[in-house]
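Reader: Please take a close look at a single part of this structure, and describe in one connected account how its residues are arranged.

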Amino acid sequence: MAEMLNIDLTDEQKYFYRQNGFLSIPRITTGEEIDWLKTIYDKVFADRTGEEKGFFYDLAGPRGHDGRNELPQALGPDISIPELRESIYYKNAKRLSSQLLTLDQEVHVGGHMIYKPAKYGAETPWHQDEAYWDPEVFSNGLSVWMPLDSVMKESGCMQFIPGSHKGDVKWHRHIDDNPLVHGLVTDDVDPSEAIACPLPAGGATFHHTRTLHYTAPNTTDNPRRAYILVCSGPEEKRDKPAYRPWQDEERQAMKAAKIDVEYL
Ligand code: NI
């Protein structure tokens, strides 16, 4: 993957992101790289890479269930496949994120993949990413979301509530009110305000850590493969931790169920 695809954001795009908390661009990598990434992606999900460490699980189902996975997620695929860090996608995500975060130092990048199988992939309900994150700090980050397949509402493209990044983290609960389900949902949202961002394969959206977002169930005949990179600048420690009891509920439920994972 020696080639590069140079993309820059215009001032209008940066302004749009600041105002709305999200941005959609039609291309962040090449078609050739998408083909290469699809091979890696399919192997990660076929092998359930990292499952023994708790890095692979169904976001929409209770931990450890042995039924059909409707929203499988693989965390940190670049830990076992470091070549991913050399990809055009990774490099562009890092560079464009530092522009949107207005940072002059290196951004830290973490990655995950969320797969919505054709016909039965579950919805990712409304949430803010920061609800999952460390309550001890003010986060300073954004997520870059790239589909490996063209996406529309019906297959699970991203949908955002414009301007929602300007508020605080809302009350969240676990999907099905089951703390063994990692996925979170907030009820404090008006879905009629949502803006959907259909994209071609290799396009991308960027969203702020607090932007409310959603993806619909995949009711199409095509898979929806998404590869997300979370890019962050330095975090600022809070005087006292934010109140996010859903995180403790999950830890306690995992302990009671004797499910031990390296990452939660
Ligand atoms: Ni999210």
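Author: On helix α2, the face turned away from the buried side carries the exposed residues Glu32, Thr39, Lys43 and Ala46, where exposed stands for over 50% relative accessible area and buried for under 20%, with partly exposed in between, as found with a 1.4 Å probe on protein chains only. This is a predicted model, in which local features need pLDDT of at least 70 and side-chain atom pairs count only at pLDDT 80 or more, whereas totals for chains, interfaces and linings use all residues. Residues are numbered from 1 along each chain as its sequence is written, and side-chain values use heavy atoms, with hydrogens and water left out.

The buried residues of α2 are Glu33, Ile34, Leu37, Ile40, Tyr41, Val44 and Phe45. Because they cover an arc of only 130° around the axis, they lie on the same side of α2, the arc being that of the directions from the helix axis to the C-beta atoms. These buried residues pack against the strands β2 (56-58), β3 (72-75), β4 (108-116), β7 (141-147) and β14 (224-232), and also against helix α4 (88-100); contact here requires heavy atoms within 4.5 Å. Helices (H or I, at least four residues) and strands (E, at least two) are DSSP runs numbered from the N terminus.

As for length, α2 comprises 17 residues, 31-47, which at 1.5 Å a residue should span 24 Å, and this agrees with the 24 Å between its end C-alpha atoms; the expected span is 1.5 Å times one less than the number of residues. After α2 comes Arg48, which has a positive phi, near 50°.
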